[in-house]
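Open your viewer and get ready to click along.

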Amino acid sequence: MDKPLKTPPPYPIASVDHALRAATILQMEGGATVSQIAERLGVARSTAHRVLAMLVYRDFAVQGEDRVYRAGPVLELAAHSQSLVSRLRAAALPHLYRVVDLLDETTNLIVRTGDTARFIASVECRQALRVGSREGMVFPAHRTTAGLLLLADLTDEELDEVYALERYRDRPAERPDLARLRTELRRLRRNGFAVNKERSERGLVAVGVPVRDREGPALAGLSVSMPSVRYDPHRLQSLVAALDATAHALEKDLAAQH
């Protein structure tokens, strides 16, 4: 039975959160200056500098002669992965802000890596009761709205590879029931959208649609997240319509970059 995951800690430590978020930015996007990190974290330049200095000390980051910080040996990813994530995020952010303006709910862009879904961009809404930014967080793909949409894009053979038994030898309880998952993915393919009611986090509902490249495969998932007490099933059609329109606009922007 799936259990809701990732309840925020009751006593969060801001400095740790800043360091983890900064490391995630460097890992996913390939590099950033002190000023850029300060802006993204919402902190002073001096605070961002101290955070980055500690990441360098622990080999989570390196600083080049151009004064740009990049992922260090601990975090290094393939250059093409950084490039794709950075391109997706940069193209998507203006669209995410427009969705927030329209719906006044937190909006996200998510990619899949293997059996996990990673939030590469998140824009919070302005409501007092809201879902906070999930940027940089990673969840099991089958427990998230966008993760399910991206899994639905796989062939049966590709899905078998993602959830091969040998990959879960040391964590068998984390492997989903593939028969149930296939049934759910078939429904998602027909519908073209997904709804997640507290599968990834307690008290949270998310609605999402895929973002495709010009050849057709899904590159990412676009989702809107809200407290479950504010979710109204009667609004589902309008939520999906707004997300679909945004996904198509983002797809056009990405196609224009080629």
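Before selecting anything, learn the classes: Ala, Val, Leu, Ile, Met, Phe, Trp, Tyr, Cys and Pro count as nonpolar, Asp, Glu, Lys and Arg as charged, and the others, Gly among them, as polar. The model is predicted, with local features needing pLDDT of at least 70 and side-chain atom pairs counting only at pLDDT 80 or more, while totals for chains, interfaces and linings use all residues. Residues are numbered from 1 along each chain as its sequence is written, and side-chain values use heavy atoms, leaving out hydrogens and water.

**Stop one: the cavity**

Select Phe119, Ser200, Leu204, Ala206 and Ser225: of the 15 residues that line the largest cavity, these lie nearest its centre. A cavity is a set of points on a 1 Å grid over the protein atoms alone where a 1.4 Å probe fits but cannot get out, and lining residues have an atom within 4 Å of a point. The largest cavity holds about 90 Å³ of space, a volume being the space filled by probe spheres set on the points, which are joined across faces, edges and corners. Its lining has 6 nonpolar, 7 polar and 2 charged residues.

**Stop two: H1 and H2**

Now select residues 14-29, helix H1, and residues 34-41, helix H2. Helices (H or I, at least four residues) are DSSP runs, numbered from the N terminus. H1 and H2 pack at an angle of about 120°, with their axes 10 Å apart. That makes H1 oblique to H2. Angles under 35 degrees count as roughly parallel, over 145 as roughly antiparallel, 65 to 115 as roughly perpendicular and the rest as oblique. Axes are lines fitted to C-alpha atoms, for helices over the stretch in contact, and angles run from 0 to 180 degrees between N-to-C directions.

Which residues of H1 meet H2? Show His18, Arg21, Ala22, Ile25 and Glu29 in H1, which meet Ile37, Arg40 and Leu41 in H2; contact means heavy atoms within 4.5 Å. This contact has 4 nonpolar, 1 polar and 3 charged residues.

**Stop three: H3**

Highlight His18, Ala19, Ala22, Ala23 and Leu26 of H1 with Thr47, Val51, Leu52 and Leu55 of H3 to see the contact. Here you find 7 nonpolar, 2 polar and no charged residues.

Finally, turn to H2 and H3, whose axes are 8 Å apart at an angle of about 105°. H2 and H3 are therefore roughly perpendicular to each other.

Notes:
Helix = DSSP H or I, 4+ residues; strand = E, 2+ residues; numbered from the N terminus. 1 Å grid on protein atoms, 1.4 Å probe; cavity = no way out; pocket = protein on both sides within 12 Å on 5 of 7 lines; lining within 4 Å.
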